[in-house]
Amino acid sequence: MKLQNTTFKPGSKIRLKDFDTRTTSGTTKEKALAICEKNTTAIDELSYRLYAENTRALLLVFQGMDTAGKDGAIRHVMQGVDAQAAEVHPFKKPSSLELDHDFLWRIHQKVPARGNIGIFNRSHYEDVLVVRVHNLVPRKEWNSRYDRINDFEKLLTDSGITILKFFLHISKEEQRERLQSRLDNPNKRWKFSKADVAERKLWDDYQRAYTDAVNKCNTTQAPWHIVCADRKWHRNLIVSSTVRHTLEKMNPQYPSAEKDLEGVIVE
Ligand code: AMP
Ligand code: MG
């Protein structure tokens with residue numbers, strides 16, 4: 001099975017309009033669910049080995065428009081991660097203390113420790129997305145952040161952290177349906193805010209900001225993965241397969257045992 005291509009050579013132009021956000025990667029939901037189940041089992045074992053090895057870390061960054069499925073994708077991938085190795089961090093509007101520091105201050109503190117898998121629900125990219133769209137800082141300031149983000153991510157990868165950045169890509173029509181269903185479903189209404197409707201009016205501005213973020217920060221050390229996400233099962237398939245293959249490539253090992261254990265008897 002040939003899954004949707006998610007990564008692009010650094011420097012090549014990524015155009016968000018070129019993606020078919022409804023793609024199925026030529027597979028069916030049933031087959032995808034079967035693969036996801038195997039991925040979950042594999043991620044469980046690999047994350048436990050990463051935890052035992054205790055020398056490297058994995059950071060998963062989730063970005064996407066409102067309703068793109070960040071919470072859902074995180075819930076799905078977390079099913080597999082060994083609880084001891086897992087850290088999930090949502091990034092909301094910065095507090096006044098956070099605003100009194102540079103934009104990476106709050107992010108750096110949440111970077112996963114050795115042995116762990118850190119999951120960011122939104123991230124430092126908000127500082128070139130919502131901040132840019134709403135002019136929360138002058139253009140000169142946000143425009144300087146792409147280079148700062150690349151330098152920061154280089155620092156992390158040089159310190160033994162593998163970074164996977166997922167942009168969950170949905171269409172404007174899919175967002176309309178999801179927002180409406182949040183309104184219509186009493187159990188989902190808590191997720192709905194009138195502000196979401198106002199943000200939706202800025203769709204094109206956000207797409208432009210995302211286009212710049214994924215192009216300017218698509219580096220060799222920390223490439224972006226563009227995930228076609230109109231179908232939730234397809235989104236989960238791509239995310240869990242990417243996490244699994246990345247962990248397999250990292251191939252974490254159990255530490256070697258203490259010397260001279262031969263003949264030791266536990267009484
Ligand atoms: P949610 O993910 O729905 O809980 O919403 C979190 C909100 O926090 C979103 O509206 C984000 O745009 C906002 N947010 C996250 N990071 C920042 C930031 N650095 N500056 C301003 N708003 C932010
Ligand atoms: Mg929200």
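Visitor: How are two packed helices described?

Guide: Two packed helices are described by the angle between their axes together with the distance between those axes. In this predicted model, helix 1, which covers residues 29-53, and helix 11, which covers residues 232-250, pack at an angle of about 35°, and their axes are 8 Å apart.

Visitor: Is the crossing of helix 1 and helix 11 left-handed or right-handed?

Guide: The crossing of these two helices is left-handed.

Visitor: Which residues in helix 1 and helix 11 meet?

Guide: From helix 1 the contact includes Ala32, Ile35, Ala42, Ile43 and Leu46, while among the residues they meet in helix 11 are Trp233, Leu237, Val243 and Leu247. By class, the residues of this contact divide into twelve nonpolar, four polar and four charged.

Visitor: Turning to the ligand, which residues are around ligand 1?

Guide: Among the residues around ligand 1 are Phe91, Lys92, Lys93, Pro94, Arg106 and Leu136, and the list also includes Arg122, Glu126 and Asp127. The shell has five nonpolar residues, no polar ones and six charged ones.

Visitor: Which side chains have polar atoms at 2.6 Å or 3.2 Å from ligand 1?

Guide: A polar side-chain atom of Arg122 lies 2.6 Å from an oxygen atom of ligand 1, and an N or O atom in the side chain of Glu126 is 3.2 Å from an oxygen atom of the ligand. For Asp127, a polar side-chain atom lies 3.2 Å from a nitrogen atom of ligand 1. Taken alone, ligand 1 exposes 500 Å², of which the protein buries 71%.

Key
Residues are numbered from 1 along each chain as its sequence is written. Chains are lettered from A and ligands numbered from 1 in the order in which they are written. This is a predicted model: local features need pLDDT of at least 70, side-chain atom pairs count only at pLDDT 80 or more; totals for chains, interfaces and linings use all residues. Side-chain values use heavy atoms; hydrogens and water are left out. Axes are lines fitted to C-alpha atoms, for helices over the stretch in contact, and angles run from 0 to 180 degrees between N-to-C directions. Helices (H or I, at least four residues) and strands (E, at least two) are DSSP runs, numbered from the N terminus. A crossing is left-handed if the near helix is turned anticlockwise from the far one by less than a right angle, and right-handed if clockwise. Contact means heavy atoms within 4.5 Å. Ala, Val, Leu, Ile, Met, Phe, Trp, Tyr, Cys and Pro count as nonpolar, Asp, Glu, Lys and Arg as charged, and the others, Gly among them, as polar. A residue is near a molecule or strand if one of its heavy atoms lies within 4 Å of it. A polar contact is a pair of N or O atoms within 3.5 Å; within protein, one must be able to donate a hydrogen and the other to accept it, and residues adjacent in sequence count only if both atoms are side-chain atoms. Accessible areas come from the Shrake-Rupley method with a 1.4 Å probe; for residues, only the protein chains shown count as cover.
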